[in-house]
Amino acid sequence: MKNKAPATKIYSNIAIKKLPKSQVEISGTIEVAHLGTFRAKALKNIGKEISIDGFRKGSVPEKILVSKIGEMPILEEMAELALSSAYPSIIVEEKIDAIGRPRIEIKKLAPGNPLEFSITTTVVPEVTLGDYKKIAKEVIAENKKAGGENVEVTEKDVTDAIDRIRRSYAEHNHVHDESHDKMSKEDHEKMITDSLPELNEEFVAKLGAFSSVADLKEKIKTKLTEDKKDQVLEKRRIAISDKISDATTVEVPELLITSETNRIEAQFRDDIGRMGVPFDDYLKHAKKTLEEIRKEWAPHAEKKAKLQIVLNKIAEAENIAPTEKEIEEEVKHIVEHYKDADKERAYIYAETVLMNEKVFKFLEEQK
């Protein structure tokens, strides 16, 4: 929803200064007469929080309220209200594509004087894309030439996978007693090897998911093929992403780096929690503070944030976007699997994931 500018322009002397990391500093003034128009609301807001004997909250006369708290708190509330009203108008008039919360600083505030302020806000970064179509085409061609697009599952791959199933079965079904704890690594390995079940119809029947040895081999081969295709796809997309990102000029906003770092932290905490390890215990064992770990994550977070900016820009340039129906179906899927998921956040996540997939498919068509 777009912000609407106030009917009366209450600010003047606006100056815009570009800062690093896709930020701008807005400075300006609000004249005394305009600042005064917020006095009644400021008194009302403060009056709701002040208790004075003999008066209900919100019903304290102005003179008594001023005598109780002085003029400065009222002036500060007036300044806050005035700037909250002015900020949306400023970014619209100055065509500032702001993101995130602004940081507002009052430079000068005194009775009978104009309010002087500065506002620092993050803006959508300027992006200069490289020739992403050409880059994608070259990466795909190089990959094919190097044989990276080939997907082949050998008989050995299938045999190795079946051997892993047989070993897992033996380890799971082997009776455990105290004597096993005293075994050497070599003895334990020999015990498992000697316990491996034969690959026959009887063993396959015990697994329960396959009708025969042939069916087991066929399904394993299909699964291995799918896994290798996914690996090829992931490797190709990483190569395309890295080269397009390297060819793109953009100042990644600190806001986006922090946001991505927060996402990494949340995922990391979840992973540690699923292992049954309290996060504070992990930090003690690692002999690191959370701040130190977040600093280690920062380069990766910046890389991820930059890639998302790049994908957004390509989507904009090529008019790529998921349909409303596609987004709704994905949101439904998310909510079904995560009952506590916030629908608004799920919508944003679904829209981003679907758009990214469409952008990658577009790039992979550049052959």
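I will start with a side chain. Setting aside neighbours within four places in sequence, Arg166 makes contact with Leu196, Pro197, Leu199 and Phe203, where contact means heavy atoms within 4.5 Å. This is a predicted model, in which local features need pLDDT of at least 70, side-chain atom pairs count only at pLDDT 80 or more, and totals for chains, interfaces and linings use all residues. Residues are numbered from 1 along each chain as its sequence is written, and side-chain values use heavy atoms, with hydrogens and water left out.

Arg166 sits in helix α6, residues 155-173. Helices here are DSSP runs of H or I with at least four residues, strands are runs of E with at least two, and both are numbered from the N terminus. Is Arg166 buried or exposed? Its relative accessibility is 18%, so Arg166 counts as buried. The classes are buried under 20% relative accessible area, exposed over 50%, and partly exposed in between, with a 1.4 Å probe and protein chains only.

One of the partners of Arg166 is Leu199. Leu199 lies in the loop between α8 (185-195) and α9 (201-207). At 34% relative accessibility, Leu199 is partly exposed. With neighbours within four places in sequence again left out, the contacts of Leu199 are Ile162, Arg166, Val204, Val213, Leu216 and Lys217. Leu199 and Glu116 are 83 residues apart along the chain, and their C-alpha atoms are separated by 82 Å.

Next, helix α10, residues 213-246, which contains Lys235. Lys235 has a relative accessible area of 60% and is exposed.

Now the hairpin. Strands β1 (residues 11-19) and β2 (residues 23-30) run antiparallel and are joined by seven bridges; pairing requires at least two bridges found by DSSP. Tyr11 stands opposite Ile30 in β2. Three residues lie between the two strands.

Lys21 is partly exposed at 31% relative accessibility, whereas Ser22, at 8%, is buried.

Finally, the whole chain. The protein has 15 helices and six strands. Its radius of gyration is 31 Å, well over the 21 Å that the globule rule gives for 367 residues, so the protein is more spread out than a compact globule. That radius is taken over C-alpha atoms, and the rule is 2.2 Å times the number of residues to the power 0.38. Along the principal axes, the C-alpha atoms fill a box of roughly 95 × 60 × 40 Å.

Of the 367 residues, 32% count as buried. Among contacts between residues at least 6 apart in sequence, 70% join residues at least 24 apart. The accessible surface is about 24,200 Å², and carbon and sulfur atoms hold 51% of it; the areas come from the Shrake-Rupley method with a 1.4 Å probe, and for residues only the protein chains shown count as cover.

On charge, there are 62 positive and 70 negative side chains, and the centres of the two sets lie 4 Å apart. Lys and Arg count as positive, Asp and Glu as negative, and His and the chain ends are not counted. Each charge is placed at NZ of Lys, CZ of Arg, CG of Asp or CD of Glu.
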